[in-house]
Amino acid sequence: MLEGIALLLLFGYIAAKLVGLLRLPGLLGMLIVGVLFGPYVFGWLDGELLAVSQDWRAFALIVILIRAGLGLKRDQLKQVGGVAVRISSIPCLLEGLTVTIAAYFILGFNFAEAGMLGFVLAAVSPAVVVPSMLDLKEDGYGDDKQIPTLLLAGTSIDDVFAITLFTFFLGLGTAGDTNIVLELAKIPLSIGGGVLGGLLVALLLLGLFKWRGFAPKYTEQLLLVLALAILYFEFGEWIGVASLLGVMTLGFILLERQPTIANHFSEKLAGVWVFAQIILFTLVGAEVNIGVALEAGLLGIVIIICGLLGRSLGVWLATIGTNFNTKERLFCMIAYLPKATVQAAIGSLPLAAGVETGGVILAIAVLSIIITAPIGAIGIKLSAPRLLNKGE
């Protein structure tokens, strides 16, 4: 397994640098390395590493979401306020429903199968969007209207809607007795539980930092933050709360209560992210089965495009009444295109559950990663300087 990690780190780093010379996002090079080294092309990664791939990817996501939380300030969140709620729900719901309708009529799926596909595709990728938004915040793009902050806040909640509704349709297609009202009621509970859990973990950490006779250094404090964040993430996944949102909340509370410590954490996590991002994107790439994706064919591409049109309409509707101009609203549409994390995690569940069309659902989910992750990442990088104002 160590050999596989070394290969991913070395070649992922080199590929990111080479892609960067073309003024493209480095993650594209990392994804390509993952695809090539993964089990579906050259097969250079051993089974032990692939078996724990999900855990490694979760760790990398925790790192970047803590960093995101450490960059969120109360006044910034107040500024995005209501539009953050709209942009975290409307685009996801419209994309999911659009794909559901398209799959029902174009692919001949039944209602449950169409809904599974709809909400597998409906989740935006925090793995792509969050680091991209942090880069924009550091460069000052969109800071005048807090657009990166808006998209950071919306991304993790967007996934809650997608995963909850996917779970409903999966239950409907396998058990047949799932209650839609009960599943929808879980969404605010999941969001609220995630935020509350993150708050409690942050308060526990702050109490430890102030405890007499226990005065750890910044590096030791960060070790505690990462350890408790990982434990909370695992526990939150088990009880069904929005643990990714809770991890971001943890960072936000630390910045709110102890800004000096939070700034030190942010600097150190920037160093950890150099390692973590290569692991994240190469292992996401390793999940991509090109052969399965090709099975989706032209109809799969049509379904994906229908969904993206629905999502883009949702972003446009969510930003009505804001002070965003047309260029800024267009940027939000581009930034909300990428798929990767959720599709890699749950795309195979219908097939594993014995759903008749599970293979097709998996193929289209994989195809959505191949199409939208590069387009979204490139689109964010190239469009930000043209569509967003740059602060001082």
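A residue counts as partly exposed when its relative accessible area falls between the buried range, under 20%, and the exposed range, over 50%. Arginine 74, at 42% relative accessibility, is therefore partly exposed in this predicted model. Its partner in a salt bridge is glutamate 256, with a distance of 2.7 Å from N to O. The two residues come from distant parts of the chain: arginine 74 belongs to helix α5 (residues 74-87) and glutamate 256 to helix α12 (residues 243-257), 182 residues apart. Glutamate 256 has a relative accessibility of 33%, so this residue is also classed as partly exposed.

The pair is one of seven salt bridges found in a search of the whole structure. Side chains of opposite charge can pair when their charged atoms come close. A further example is the contact between the side chains of glutamate 287 and arginine 57, at 3.3 Å from N to O. Here again distant parts of the chain are linked, as glutamate 287 sits in the loop between α13 (259-286) and α14, while arginine 57 is in helix α4 (residues 53-70), 230 residues apart. The two partners fall into separate accessibility classes: glutamate 287 is partly exposed at 29% relative accessibility, whereas arginine 57 is buried because its relative accessible area is 6%.

Glutamate 328 and lysine 145 make another salt bridge, in which the closest N and O atoms are 2.9 Å apart. Glutamate 328 is part of helix α15 (residues 326-335) and lysine 145 is in the loop between α8 (126-139) and α9 (147-174), so this bridge ties together parts that are 183 residues apart in sequence. With 1% relative accessibility, glutamate 328 is buried. Lysine 145 is buried too, since its relative accessible area of 17% is under 20%. Salt bridges also join up into a network, whose members are Glu95, Asp158, Arg311 and Lys339.

Turning from charged to nonpolar side chains, the surface carries a nonpolar patch formed by Ile101, Tyr104, Phe105, Ile106, Phe111, Leu298, Leu299, Ile301, Val302, Ile305 and Leu309, which together have about 1,100 Å² of accessible area. Two elements, α6 (90-107) and α14 (290-318), each give two or more residues to the patch. The largest share, six residues, is supplied by α14. Isoleucine 106, a member of the patch, lies in helix α6. Its relative accessibility is 39%, so isoleucine 106 is partly exposed.

Technical notes. Residues are numbered from 1 along each chain as its sequence is written. This is a predicted model: local features need pLDDT of at least 70, side-chain atom pairs count only at pLDDT 80 or more; totals for chains, interfaces and linings use all residues. Side-chain values use heavy atoms; hydrogens and water are left out. Patches are made of residues with over 30% relative accessible area and no salt bridge: like charges are joined within 9 Å, nonpolar side chains (Val, Leu, Ile, Met, Phe, Trp, Tyr) within 5 Å. Accessible areas come from the Shrake-Rupley method with a 1.4 Å probe; for residues, only the protein chains shown count as cover. A salt bridge is a side-chain nitrogen of Lys or Arg within 4 Å of a carboxyl oxygen of Asp or Glu. Helices (H or I, at least four residues) and strands (E, at least two) are DSSP runs, numbered from the N terminus. Buried means under 20% relative accessible area, exposed over 50%, partly exposed in between (1.4 Å probe, protein chains only).
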